[in-house]
Structures are given as structure tokens and as C-alpha cells.
Amino acid sequence: MNNKSSRIPGFYKKSLDERLRIVAEWAGLSEEEVNILRNLGNLPEKIADSMIENVIGGMTYPFAVAVNFRINARDYLVPMVIEETSVVAAASNAAKMLRRGDGIIARADKQYMIGQIHLVNVSAPRYKAMKIIERKDEILDHARQQDSTLIRLGGGPRDLEVRVVDTRIGPVIIVHLIVDVLDAMGANTVNTMAESIAPILEKITGGEARLRIISNNAIYRLARAWARASPEDVGGENIAKKIVEASILAEADPFRAVTHNKGIMNGIIAVALATAQDHRAIEAGAHAYAARTGQYKPLSFWELDEEGMLTGSIEIPLQIGIVGGATRVHPIAKIALKILGVKTARELAEVMAAVGLAQNLAALRALVHEGIQRGHMKLHARNLAIMAGATGELIDKIAERMIKEGRIRFDYAKKLLEEYLKGEK
Ligand code: MEV
């Protein structure tokens, strides 16, 4: 039985090394394990230690670049950070299929975020809602004063929406402050504004402001991407038809739609991680959007047009930023943005939507063609060969043997390597 206590007063006040020592002792980490964990990789200690609390080390994910992307008639190299094999290769592959003409076309809405204020204990809530709307300009003006930089750059509060919702604690007035956050993700600004107007709303309604926070249901911050491929581009008419069929199955079946969208998020979140976005916000918003009709639906669709071309489209809320937050603090995120060369959050959203669409095409194509496992297994086998110590030509030789013999295991990779090195095979 574990009788160790996790109650460690002042843990957060200790230095990184002190904290690491405590944890090492607690978990019985070896010297080697401590050293590996202590390695912060390409994140300077000062930054790591100030980004989150109780830091004891770092964890590095591979940073890759997807190639072949042509979006809005411009070529992009797309940074991706992810732990799953095949995603980057698949994105690059599908991007190649979608290069014709101007490539993938993508457009993002203005970057409007919603700040919410929930007012409880309000009498005559519908009447009070009118009074709020009546004073909209004054309220927006007050919110405007919270972020002079945003206003100077042309962003700021745009509108106010008021709803009355009946709940188990009685009617609640829910006010939405709509803010153009320009190139920021916007949470900080919108939260500050929501908090700042709450007292005014309390005064107008006689109620009490409870939650004053952004809504991650970013329905006014959609990004869309669409593209056309000839059936030959994707491997023939038969495959094109089956991709359309797979899209229809996702429309009809929420269980499939979730996996369909998971494939889209493989690409989008990989870019989000590389550029240090709040990927939980993106996920939460995307899935809420997928479920907006009451049934969970796919975020993308594949159809054949009148010329028999395969067309794909995606619509997804993307709450991302290129200024502020970790994006501007993490040195690798800054490099990722430089590789991308995006100038605005809107452009980044367009790239991400395009990546999601391509990622989805790659997944559907593999699923209706050779199945997903074959490609996965190939990479898995290669990884095992590399882990076993194989280099150069031996990597593929060993991987192919393991696949052919249906024995894709680390111990077998090691055995094969030994055999090859001894020159027995
Ligand atoms: C695996 O990470 C993603 C897929 O399952 C997506 C899909 O099924 O469309 C392949």
C-alpha cells in the first residue's frame, strides 16, 4: 500500500531542482530518469518555469513539417507537433492531391469571440433584458476602455446579445459581449471586458453577475476550406466514390462522425501544438460546433460535382492567435510561425482549416483503399527497427521482414538486426 503523502506544503515555492528531487524520491526515479526529465530540450528554464506551476522538467515531442501544401495560391510548409505516426506523412500526401489550381481555398471569418456574463436572481428578466439592450452603446464603450491597444489596432467590442434562459435556479439573463480580438486568441481581453461590464449589468438588472468568462463556443470565428481533386488524383473513380460514401456514413452515424472529426483534429491540433495554441479551446469549440444541430455531425464533407470531380469542404470554429500567450513566449512556437509565414490569426486559421481538410482526405482515402493499419504498421515496424538500433538500408529490410512474417515486435526486430549484422542473412 502506498502510504506516502502527496500533501507537500509550499511545493510551488521551491526551485525546479528541489521539486524534482522531491518527486524523484517519491517515485524512486533513477539518476538517469532524473536527468532525462530535467532536460528541458529547447525550452529555456526561465520560460518553462514561468509558463506553468510546479515544473520539474520537460517533455519533448517531435516537430515535423508537412510539405506540398498550396493554400489560396500560396505554398506553405506546415509545422506539426504530434506523437502519432503517419499524420504528417498523410497530410503531406493529401496536400499533394489538392494542389491543382490555387490549391485549397480557405477563408476565415473576422476574429470575433464571445464573452459571457450570467446574471442570476433577476426579477422581471425579460423586461431587464430590454433595459440592457437600451444601454448597449454605453456598455460597449465601457468594455472598449479595457484594451486600448486592441482598439488602436482596429479591434474591440462590436455587439451585445441578450438572452433569458429558464434554469433550475430560475430565469437567468445571459449577456454575450462580441469582441473582435484581431490576431489574439482573445481569452484574456474578453475575460477582462466581461468582468468590467458585469457591475453595470448588475446595476441595470438588480441581479448578480456570476460567471464572467469567454465562451469557447466560438461560432463567430469560423474558418472554411474547400478543394477539388480529380478522381485520378486520389487513386481512381472507385476510390473517389468510396470517399464520398465514407463522408455520407459520417453524416448519418455520430459514432463514425466522431472518428471522422478526430482525423481532422489530428492535423489541426498538430499545427496548434507547433504554434503553442490553446488546443483544448479549439477541440471544445470544434466538437460543440459539430453537435450544433443536436446530432453530432462531421465537420467536413466530400461530394462529387457535375464534372465528376471530388470536392471537399470543411467549416470549423478556430480560436487561435499569433500574438500574446504562449505563442509569443515559446521560442519554438515563434519559429513555427516564421516557417508558416502567416501574417494574421485569420491566415493561420485558414491554413489550419486547410490542413484539417487534407488530413481528413488522407484518412478517408486510406480507410476506403488499403485500410489504415497497413500504413500504420509500416511506420510502426520501421520505428521498431530504428529502436532496435538499425540504420540505413537495414531499417527497411528489417521492417519488411517483420511485416511479411506478421511478427512486428521489438524483440524480433532486435533478433533480425543481430542476424543481419552477423551477416547470417
Ligand atoms: C486516426 O488517428 C484517425 C482516423 O481514425 C480518422 C478517420 O477514421 O477518419 C484514421
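How many bridges join strand β1 to strand β2, and which way do the two strands run?

Author: The model is a predicted one. Strand β1 covers residues 63-71 and strand β2 covers residues 74-81. Seven bridges join the two, and they run antiparallel. One of the pairings can be named: Ala66 has Val78 in β2 as its bridge partner. In a regular strand, side chains alternate between the two faces of the sheet. Between the strands of this hairpin there are two residues, and in the hairpin Asn72 takes a positive phi near 50°.

The chain has 425 residues, of which 45% count as buried. Its C-alpha trace spans about 85 × 65 × 45 Å along the principal axes.

Next comes the ligand. Around the ligand there are 10 residues, and those that come nearest are Glu84, Arg256, Lys262, Asn266 and Leu367. For three of these residues a distance to a ligand oxygen can be given. In the side chain of Glu84, an N or O atom is 2.6 Å from an oxygen atom of the ligand. For the side chain of Arg256, the corresponding distance from an N or O atom to a ligand oxygen is 2.7 Å. Asn266 has a polar side-chain atom 2.9 Å from an oxygen atom of the ligand.

The largest pocket is a separate topic. Its volume is about 1300 Å³. The lining consists of 37 residues, and Met51, Leu273, Ala276, Ala326 and His330 lie nearest the centre of the pocket. Several helices give two or more residues to this lining: α3 (45-51), α8 (187-205), α10 (254-274), α11 (279-290), α12 (325-329) and α13 (331-340). Sorted by class, the lining has 21 nonpolar, 14 polar and two charged residues.

Ile386 lies in helix α15, which covers residues 372-387. Ile386 counts as partly exposed because its relative accessibility is 41%, and that class lies between the limits of 20% for buried and 50% for exposed. From Ile386 to Ala276, the C-alpha to C-alpha distance is 29 Å, with 110 residues separating the two in sequence. Ala276 is one of the residues that lie nearest the centre of the largest pocket.

Technical notes: Residues are numbered from 1 along each chain as its sequence is written. This is a predicted model: local features need pLDDT of at least 70, side-chain atom pairs count only at pLDDT 80 or more; totals for chains, interfaces and linings use all residues. Side-chain values use heavy atoms; hydrogens and water are left out. Two strands pair if DSSP finds at least two bridges between them. Helices (H or I, at least four residues) and strands (E, at least two) are DSSP runs, numbered from the N terminus. Buried means under 20% relative accessible area, exposed over 50%, partly exposed in between (1.4 Å probe, protein chains only). On a 1 Å grid over the protein atoms alone, a cavity is a set of points where a 1.4 Å probe fits but cannot get out, and a pocket is an open set with protein on both sides within 12 Å along at least five of seven lines; lining residues have an atom within 4 Å of a point. Grid points are joined across faces, edges and corners, and a volume is the space filled by probe spheres set on the points. Ala, Val, Leu, Ile, Met, Phe, Trp, Tyr, Cys and Pro count as nonpolar, Asp, Glu, Lys and Arg as charged, and the others, Gly among them, as polar. A residue is near a molecule or strand if one of its heavy atoms lies within 4 Å of it. A polar contact is a pair of N or O atoms within 3.5 Å; within protein, one must be able to donate a hydrogen and the other to accept it, and residues adjacent in sequence count only if both atoms are side-chain atoms.
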